[in-house]
Amino acid sequence: MFSFESLLVYQKARQLVKDVYKLQQLFPTEERYALGDQIRRSITSVTSNIAEGSGRDSNKEKIHFLEIAFGSLMEAFSQLQNAQDLEYISETQVENLRPQFEEISKMISGLKSSFEKKL
């Protein structure tokens, strides 16, 4: 097992990836390859950057990749709101995912803070 796999934030982000993928499948076919693709790239960037950062030696680099993961998380949520505005998905569907986004954002911020204290 790689060290990032034991991180609770990574495990929760993996579940969110699955949930977001399921939701974006509701988009119209023509949007699955435009907005849908962008959402998939941003949400998978969260887990990818948590994993990549865990493999770095310096705390500065770990922090950098956590910042990218956080930004990607925010980007994905914003894109889901755009999909809601375009009526591809409902407000309820987006709001049902909000607690996961909020929890993961807090966890990323906490992990980042723990590395900043070691600088």
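**Entry 1: salt bridges**

I began with Asp-37, which makes a salt bridge with Arg-41, their closest N and O atoms being 3.0 Å apart. My criterion for a salt bridge was a side-chain nitrogen of Lys or Arg within 4 Å of a carboxyl oxygen of Asp or Glu. A note on the source: this is a predicted model, where local features need pLDDT of at least 70 and side-chain atom pairs count only at pLDDT 80 or more, while totals for chains, interfaces and linings use all residues. Residues are numbered from 1 along each chain as its sequence is written, and side-chain values use heavy atoms, with hydrogens and water left out.

Both Asp-37 and Arg-41 sit in helix α2, four residues apart, about one turn of the helix. I took helices from DSSP runs (H or I, at least four residues), numbered from the N terminus. In general, an α-helix has 3.6 residues a turn, so residues three or four places apart point the same way.

For burial I used relative accessible area (buried under 20%, exposed over 50%, partly exposed in between, with a 1.4 Å probe and protein chains only). Asp-37 counts as partly exposed at 27%, and Arg-41 as partly exposed at 46%.

How many salt bridges does a search of the whole structure find? It finds nine. I looked at Lys-12 and Glu-103, whose salt bridge has its closest N and O atoms 3.4 Å apart. Lys-12 belongs to helix α1 and Glu-103 to helix α4, so this pair ties together parts that are 91 residues apart in sequence. Lys-12 is partly exposed, with a relative accessible area of 27%; Glu-103 is partly exposed at 35%.

I then checked Lys-112 and Glu-116, whose side chains meet in a salt bridge at 3.2 Å, N to O. These two lie in helix α4, four residues apart, about one turn of the helix. Lys-112 is partly exposed at 22%, and Glu-116 is partly exposed at 35%. Back on the Asp-37 pair, I noted that salt bridges with shared partners join Asp-37, Arg-40 and Arg-41 into one network.

**Entry 2: helix α4**

I stayed with α4 and checked its length. The helix has 26 residues (91-116), which at 1.5 Å a residue should span 38 Å, and its end C-alpha atoms are 36 Å apart, which agrees. The expected span is 1.5 Å times one less than the number of residues.

Where does α4 bend? It bends by about 30° at Leu-97, and a proline, Pro-99, follows within four residues. I took the bend as the angle between axes fitted to the seven residues ending at a position and the seven starting there.

I listed the buried residues of α4 as Val-94, Leu-97, Phe-101, Ile-104, Ser-105, Ile-108 and Phe-115. They pack against α1 (8-24), α2 (35-54) and α3 (59-85).

**Entry 3: the core**

Next I went to the largest nonpolar core, where a core is a set of buried Ala, Val, Leu, Ile, Met, Phe, Trp, Tyr and Cys residues joined through side-chain atoms within 4.5 Å. Of its 30 residues, Ile-43, Ile-50, Leu-80, Phe-101 and Ile-108 touch the most other members. Helices α1, α2, α3 and α4 each supply at least two residues of this core. α3 gives the most, with eight residues.

I picked Leu-80 and looked up its contacts (heavy atoms within 4.5 Å). Not counting residues up to four places away in sequence, Leu-80 touches Val-20, Leu-23, Ile-39, Ile-89, Val-94, Leu-97 and Phe-101.

I also looked at Ser-72, which lies in helix α3. Is Ser-72 buried or exposed? Ser-72 is buried, with a relative accessible area of 7%. Leaving aside neighbours within four places in sequence, Ser-72 is in contact with Ser-42, Ser-45 and Val-46.

**Entry 4: aromatic rings**

Last, I paired rings of Phe, Tyr and Trp (its six-membered ring) with centres within 6.5 Å, calling planes under 30 degrees apart stacked, over 60 edge-to-face and the rest tilted. The count comes to four aromatic pairs. The rings of Phe-2 and Phe-4 have centres 5.8 Å apart and planes at 5°, so the pair is stacked. Phe-4 and Tyr-10 form an edge-to-face pair, with 4.8 Å centre to centre and 75° between the planes.

Phe-2 is exposed at 60% relative accessible area, whereas Phe-4 is buried at 15%. Tyr-10 is buried as well.
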